[in-house]
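Trainee: Please take me through this structure one question at a time. I would like to see how each answer is reached.

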Amino acid sequence: PLHECLLIDATCRSSMVHWCNNLVDFCQYSRDTTSYAISFLDRYLSTPDGSMTLMEPDKFQLAAMCALYTMAKIHERQALEPSSIARLSRGVHSARDVEQMETRMLKALQWRVNPPTALRF
């Protein structure tokens, strides 16, 4: 989804939000799952580990995809497999990459994966 981004900016973020919404719709998940995923992604990107992700479009893409993968595991009845996320990356990332990024994100956020979001106010 990010082949045209050289630097991570609002356009790249918007592209990943659009990608997440398309996948959520295809899987018949709640659109709230995208909101949770983007909140998770934004909070990760504000950590010291996550800020480095903003330097590499492929890593940003992986983090966004992992955010959706993780939030679907928490908020949906049926989760995606890491191999499915890897296939959706069109060969850029492996299933192992997905699992490792998920672990990095969870550790960086100290496993705080269910905070309030704007949707709840």
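Trainee: What relative accessible area does Asp-9 have, and which class does that put it in?
Mentor: Start with the cut-offs: buried means under 20% relative accessible area, exposed over 50%, and partly exposed in between (1.4 Å probe, protein chains only). Asp-9 is found in the segment before α1. Its relative accessible area is 42%, so the class of Asp-9 is partly exposed.

Trainee: Good start! What kind of model are we looking at?
Mentor: Residues are numbered from 1 along each chain as its sequence is written, and side-chain values use heavy atoms, with hydrogens and water left out. Local features need pLDDT of at least 70, side-chain atom pairs count only at pLDDT 80 or more, and totals for chains, interfaces and linings use all residues, as this is a predicted model.

Trainee: How many helices and strands does the protein chain have?
Mentor: Helices (H or I, at least four residues) and strands (E, at least two) are DSSP runs, numbered from the N terminus. Read from the N terminus on, the elements run α-α-α-α-α-α. The count is six helices and zero strands.

Trainee: Where is Thr-34, and is it buried or exposed?
Mentor: Thr-34 has its place in helix α2, residues 32-45. Contact means heavy atoms within 4.5 Å, and beyond its neighbours within four places in sequence, Thr-34 is in contact with Val-17, Cys-20, Asn-21, Val-24 and Leu-68. Its relative accessible area is 4%, so Thr-34 is buried.

Trainee: How many residues of α2 are buried?
Mentor: The buried residues include Thr-33, Tyr-36, Phe-40 and Leu-45. Among the elements that cover the buried residues of α2 are α1, α3 (48-51), α4 and α6. The helix is largely enclosed by the rest of the structure, because the buried share of its residues is 10 of the 14.

Trainee: What should α2 span at 1.5 Å a residue, and how far apart are its end C-alpha atoms?
Mentor: The expected span of a helix is 1.5 Å times one less than its number of residues. For the 14 residues of α2 that comes to 20 Å, which agrees with its end C-alpha atoms, as they are also apart by 20 Å.

Trainee: At what angle do α1 and α2 cross?
Mentor: Two packed helices are described by the angle between their axes and the distance between the axes. Axes are lines fitted to C-alpha atoms, for helices over the stretch in contact, and angles run from 0 to 180 degrees between N-to-C directions. The axes of α1 and α2 come within 9 Å, and the angle is roughly 145 degrees.

Trainee: Which residues of α2 make the contact with α1?
Mentor: From α1 come Arg-13, Val-17, Cys-20, Asn-21 and Val-24. The contact's residues divide into four nonpolar, three polar and two charged, where Ala, Val, Leu, Ile, Met, Phe, Trp, Tyr, Cys and Pro count as nonpolar, Asp, Glu, Lys and Arg as charged, and the others, Gly among them, as polar. On the α2 side the contact is made by Thr-33, Thr-34, Ile-38 and Asp-42.

Trainee: Which handedness does the crossing of α1 and α4 have?
Mentor: These helices pack at about 35 degrees, with their axes 10 Å apart. A crossing is left-handed if the near helix is turned anticlockwise from the far one by less than a right angle, and right-handed if clockwise. The crossing of α1 and α4 is right-handed.

Trainee: What is the phi of Arg-90 near?
Mentor: Most residues other than glycine have a negative phi, and most peptide bonds are trans. Arg-90 sits in the loop between α5 (82-88) and α6, and it counts as exposed because its relative accessible area is 69%. Its phi is positive, near 60 degrees.
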